Structures are given as C-alpha cells and as structure tokens.
Amino acid sequence: MKVRIEDLSVRYGATTALAGLDLTAEPAAVLAVIGPNGSGKSSLIKAVAGLVPHRGHIVFEAGNGSERRIGYMPQDISSRAALTVLEAVLLGRLGRLGLRVKSSDLAMAGAVLDELGLRHLAGRYLGELSGGQRQLVFLAQALASEPNLLLLDEPISALDIRHQLEVMQIVRRLTHQRRLTTIVILHDLNIAARFADRIAVMCRGRLICHGSPKAVIEPAMIAEVFGVEAAMSSTPDGSLIVTPLRAV
C-alpha cells in the first residue's frame with residue numbers, strides 16, 4: 001500500500017511539531033526516518049496512524065480493493081495491564097476477534113511468537129518482562145494484525161545488539177516478502193544504512209532530504225542535522241559505516 005503524505009502539519013498547542021512535510025512511502029520497502037530528538041519523527045508516525053490531529057493530506061493507495069490494515073508499535077511500550085504475552089499479541093488481531101478466539105487467530109499469534117523467539121514467554125505477564133522483551137512483544141502484536149502498513153516507532157531502542165540485528169532482519173524480510181509499506185523510526189545511522197531501502201531525514205519538524213542510504217547518509221548532512229563530524233567507510237558487503245568523530 002502506497003502512502004502519500006502532502007503538506008502535513010502537526011501542532012501541540014503553540015508548538016509546531018511538523019510543518020509542511022511531503023513524503024511518500026512505497027510498498028515492499030523499508031523507509032527509515034532519522035533525525036535528532038525533537039525533530040517530529042514520532043509525530044509523523046502518529047499522524048499516519050491517525051492518532052493525532054493534523055493538517056494536510058495522508059493518502060493511502062491500497063490497490064486491488066484491499067483494505068487498509070495498520071500495524072503500529074508505539075515508542076512508549078510500558079504497560080500495567082494484567083495481560084500475558086499471548087493475550088497481548090492476540091490484541092493485535094482485535095479487528096478480527098469475535099466472542100471466541102478462533103484457531104486461526106491462535107495460529108497466527110503463535111507463528112509470530114515463534115518468528116521473534118518469544119514462544120517460551122507466551123504465558124508470562126507483561127509486567128514480568130524486561131523492557132527489551134516487552135519491545136519484542138509489542139512488535140509481535142503489530143505483526144499479528146497481518147498489516148499492509150507497518151509503523152514502528154524506535155522498535156529496537158531497548159534491545160541488545162544481537163536482537164537489534166535480528167529484529168531489523170525480520171522487519172526487512174517481511175517487508176519485502178509480504179510487500180508491506182514499512183515506516184520505522186531509528187536513531188542508529190548504521191542500522192538505518194544497513195536495513196533501510198529509503199531514508200528520510202528530519203530536523204525541527206521539517207524534511208531535510210530523502211533518498212537511498214548512500215545518497216542521504218554523508219558527512220555534510222550529518223554535520224548539518226546532527227552537529228557531528230563523521231567519517232564514512234563501508235563493510236565488506238558494501239553497507240555504509242558512520243564513525244562519529246567529534247561534535248561541531
């Protein structure tokens with residue numbers, strides 16, 4: 001499902017979070033949104049998810065008569081609800097659940113738990129889990145809805161390096177296999193360069209630039225947007241590596 005964002009603005013009282021943003025997210029592609037804290041990244045995700053009032057237009061082009069199904073993972077994953085992991089994942093299928101949980105819903109929830117290595121936690125309560133484990137559970141919840149639009153707000157921020165790589169590998173693979181339109185907020189420029197098909201750079205509520213990782217992630221942009229002098233290199237497989245040197 002193609003998403004076209006046109007002249008998008010979001011305000012919280014007197015504060016402007018987004019101002020006149022234009023951006024397109026394509027099917028079967030991971031669009032990573034990067035930028036410093038307070039640049040409007042979460043407001044963008046929430047506006048696309050329909051969670052905050054906004055001006056401008058967000059156009060969803062589903063194609064082939066398919067319905068819009070959004071899988072959304074928020075930045076704040078704290079939960080005081082007395083839910084087990086399995087129950088939390090099943091909530092991702094809320095639009096499909098009836099008075100009774102169908103075997104197909106249980107099968108899908110189980111498959112997602114297996115994919116993220118969470119099956120052994122299915123009976124545990126959310127409050128018993130670490131922050132990283134809860135983050136994986138809420139990602140599983142977003143995937144359980146079988147979305148065609150996946151919105152992820154910092155999905156790897158509480159994970160160790162191995163789980164960061166595993167989660168982004170899963171997100172990239174499912175995006176390509178299922179032709180999802182995926183918009184993900186990331187802080188790690190190296191993770192964004194490795195796993196994103198396209199990158200949008202934001203600063204002070206505006207879109208600075210967007211394009212392929214190699215076109216976007218370069219020293220001048222990093223200095224302008226992040227205030228950091230950086231050196232660029234590459235991995236053996238050709239992915240970019242950003243090495244921060246000093247604040248400027």
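**Close-up 1. Serine 39 in the loop between β3 and α1 of the predicted model**. In this predicted model, serine 39 belongs to the loop that links β3 (29-34) and α1 (41-49). The relative accessibility of serine 39 is 1%, under the 20% limit, and the residue therefore counts as buried. A polar atom of the serine 39 side chain is placed 2.8 Å from the backbone oxygen of proline 36. When residues up to four places away in sequence are not counted, serine 39 touches Ala17 as well as Met202, Cys203, Arg204, Gly205 and Arg206.

Close-up 2. The search of the whole structure returns zero disulfides. A disulfide would need the two sulfur atoms within 2.5 Å. Cysteine 203 has a relative accessible area of 10% and is buried, whereas cysteine 209, with 24%, is partly exposed.

**Close-up 3. The open antiparallel sheet β2-β1-β4**. Three strands form this open sheet in the order β2-β1-β4, with antiparallel pairing. Strand β1 (residues 2-12) is joined to β2 by seven bridges, and the two run antiparallel. Helix α1 packs on the sheet and touches β1, β2 and β4, its direction making about 115° with that of β1.

**Close-up 4. Valine 3 and its surroundings**. Valine 3 is located in strand β1, where it stands opposite alanine 25 of β2. With a relative accessible area of 0%, valine 3 is buried. Neighbours within four places in sequence left aside, the contacts of valine 3 are Leu23, Thr24, Ala25, Ile58, Val59, Phe60, Leu149 and Thr181. Among these contacts is Leu149: the C-alpha atoms of valine 3 and leucine 149 are separated by 8.7 Å, although the two residues are 146 residues apart along the chain.

**Close-up 5. Strand β7 with its parallel partners β3 and β6**. Strand β7 (residues 181-185) is mostly covered, five of its five residues being buried. Thr181, Ile183 and Ile185 point one way from the strand, while Thr182 and Val184 point the other way; all are buried. Thr181 is also among the contacts of valine 3. Five bridges pair β7 with β3 in the parallel sense, and in this pairing leucine 31 stands opposite isoleucine 183. Strand β6 (residues 149-153) is likewise joined to β7 by five bridges and runs parallel to it. Here the bridge partner of leucine 150 is threonine 182 of β7.

**Close-up 6. The β-α-β unit of β6, α5 and β7**. Together with helix α5 (residues 161-177), strands β6 and β7 make a right-handed β-α-β unit. The strands of this unit, β6 and β7, run parallel. Leucine 149, a contact of valine 3, falls within the residues 149-153 of β6.

Definitions and conventions: Residues are numbered from 1 along each chain as its sequence is written. This is a predicted model: local features need pLDDT of at least 70, side-chain atom pairs count only at pLDDT 80 or more; totals for chains, interfaces and linings use all residues. Side-chain values use heavy atoms; hydrogens and water are left out. Helices (H or I, at least four residues) and strands (E, at least two) are DSSP runs, numbered from the N terminus. Buried means under 20% relative accessible area, exposed over 50%, partly exposed in between (1.4 Å probe, protein chains only). A polar contact is a pair of N or O atoms within 3.5 Å; within protein, one must be able to donate a hydrogen and the other to accept it, and residues adjacent in sequence count only if both atoms are side-chain atoms. Contact means heavy atoms within 4.5 Å. Two strands pair if DSSP finds at least two bridges between them. Axes are lines fitted to C-alpha atoms, for helices over the stretch in contact, and angles run from 0 to 180 degrees between N-to-C directions. A crossover is right-handed if, with the strands pointing away from the viewer, the path from the first strand over the helix to the second runs clockwise.
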